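Here is a friendly note to read alongside the structure. Please keep the viewer open and find each residue as you go.

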Amino acid sequence: MTLQDCQARDAAHPLRALRELFQIPPGVIYLDGNSLGVLPKAAPARIAQVVEKEWGQGLIRSWNEAGWFTMPQRLGDKLGPWIGANAGEVVVTDSTAVTRYKERHAALTIARNWDAKRTTIVSERSNFPTDNYIAEGLARERGFALKLVRAEEIVASLDATTAVLMLTQVNYRTGAMHDMAALSQAAHAAGALAVWDLAHSAGAVEVKLNADGADFAVGCGYKYLNGGPGAPAFLWVHPRHQDQALQPLTGWYGHAAPFAFIPQYEPVKGISQYLCGTPPVISTAAFECGLDGFEASMPLGGMNALREKSLALTDLFIDLVETRCGAHGLSLITPREHKKRGSQICLNHPTHGYAIMQAMIARGVIGDYRKGDAQTPDIIRFGFAPLYIGFEDIWNAVEHLRAVMDEREYLRSEFNAVKAVT
């Protein structure tokens, strides 16, 4: 594979025009879409419209006239097909952490109502920390035990005490992808609920919540979905569970008659009871611009085409790193097998992972760093968003990585000064 080959692949690729929907700064190769997606070009004008016209001129009338009041459900239905959900099953709502809390609280209530002896939450030790932090808090608050296990121990850890199996579909540090169908089935066979975090999968891999037997799922809007920093999260609840338990934050937005102003809380039926307070209108409007990029891919093959491109990009990156940087102590952490891989590639360096990434960022190749464990201590992550990343980007990114390693740029002092956000 040569640079010219990569350029030819980009020129011939059916998704090539989608890159023009996004603002990527000149001289930047952006491989951090698994942490924060890029800006849709339509977002500034949409945000200005909300601020200047809908808020500035429409004022409170915009709750009706601009459709603010129904934004959580409307965007949920727009997102639904991209995660294997049907209309009326998804809402776009609070922050990711708050939404996780609501979801897991409800799941634990349902499991306990089924069987009071189910007192254990099973999760992966290397799960995204916030997931485990929230589960730890819920366990302490509600009298459950949190059991953290290695990936290969998950199925064997499910037993008659398990209330909830709580997993992230794609691991944030390694890029390894769980088999949602198999693990949801294993949870159900043990009498437990399957609760999924889609933060590192929605928008980059094919997600099939209904087909794969999930019970609950939460994901964030600001990674592959390009909703902007702090974009609201989304929540999916299988219809069979939507009215089985009250979520804990019973605010006015989830009331059956929010403007009746009665003193008692009466939840609305269906997924809307998982709403709580007034939605963040401006950031939700920006999130819709991110979703519009996915809508534009539908005539070009939709999620199947995006996933095919994601795998081709990551395959190329692995091949080029191993052939051009193989003598520099970088080792692949992410699984090679397609069905076990998300849309990111993670490399370990035994001593200088953070500085290597800082040197790459200085060259305009933006990824990020995560502290690992004893086996993989220094992880550098590259996320591949197939909506806007091309094959030439991959060639050039690896060329920069080769130069950083060949010239030992990572030894420079400025690249070893640790910043607040890594």
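1. A word on helices before we start: here a helix is a DSSP run (H or I) of at least four residues, and helices are numbered from the N terminus. By that rule, Arg 142 is found in helix 6, which covers residues 129-142. Please keep in mind throughout that this is a predicted model.

2. Stay with Arg 142 for a moment. What is the nearest side chain of opposite charge to Arg 142? That side chain is Glu 141, 5.4 Å away. A salt bridge needs a side-chain nitrogen of Lys or Arg within 4 Å of a carboxyl oxygen of Asp or Glu. Arg 142 has no salt bridge, although the residue is buried. Setting aside neighbours within four places in sequence, Arg 142 does have contacts: His 105, Leu 108, Thr 109 and Arg 112.

3. Next, look at Ala 160, in the loop that runs between helix 7 (154-157) and strand 7 (162-168). Is Ala 160 buried or exposed? Ala 160 counts as exposed because its relative accessibility is 52%, and the cut-off for exposed is over 50%. Beyond neighbours within four places in sequence, Ala 160 is in contact with Lys 117 and Arg 118.

4. Now for strand 9, residues 216-219, which is covered on both faces. Phe 216 and Val 218 are buried on one side, and Ala 217 and Gly 219 are buried on the other.

5. Which strands pair with strand 9? Strand 8 (residues 193-197) pairs with strand 9 in the parallel sense, over 3 bridges. Here you can find Trp 196 opposite Ala 217 of strand 9. Strand 10 (residues 234-237) pairs with strand 9 in the antiparallel sense, over 4 bridges. In strand 10, look for Phe 234, the bridge partner of Gly 219.

6. Finally, visit the largest pocket, with a volume of about 790 Å³. How many residues line the largest pocket? The lining has 33 residues, and those nearest the centre are Glu 124, Ala 151, Ala 176, Met 177 and His 178. Helix 8 (180-189) and helix 10 (302-324) each supply at least two residues of this lining. Helix 8 gives the most, with 3 residues.

Technical notes
Residues are numbered from 1 along each chain as its sequence is written. This is a predicted model: local features need pLDDT of at least 70, side-chain atom pairs count only at pLDDT 80 or more; totals for chains, interfaces and linings use all residues. Side-chain values use heavy atoms; hydrogens and water are left out. Buried means under 20% relative accessible area, exposed over 50%, partly exposed in between (1.4 Å probe, protein chains only). Contact means heavy atoms within 4.5 Å. Two strands pair if DSSP finds at least two bridges between them. Lys and Arg count as positive and Asp and Glu as negative; His and the chain ends are not counted. On a 1 Å grid over the protein atoms alone, a cavity is a set of points where a 1.4 Å probe fits but cannot get out, and a pocket is an open set with protein on both sides within 12 Å along at least five of seven lines; lining residues have an atom within 4 Å of a point. Grid points are joined across faces, edges and corners, and a volume is the space filled by probe spheres set on the points.
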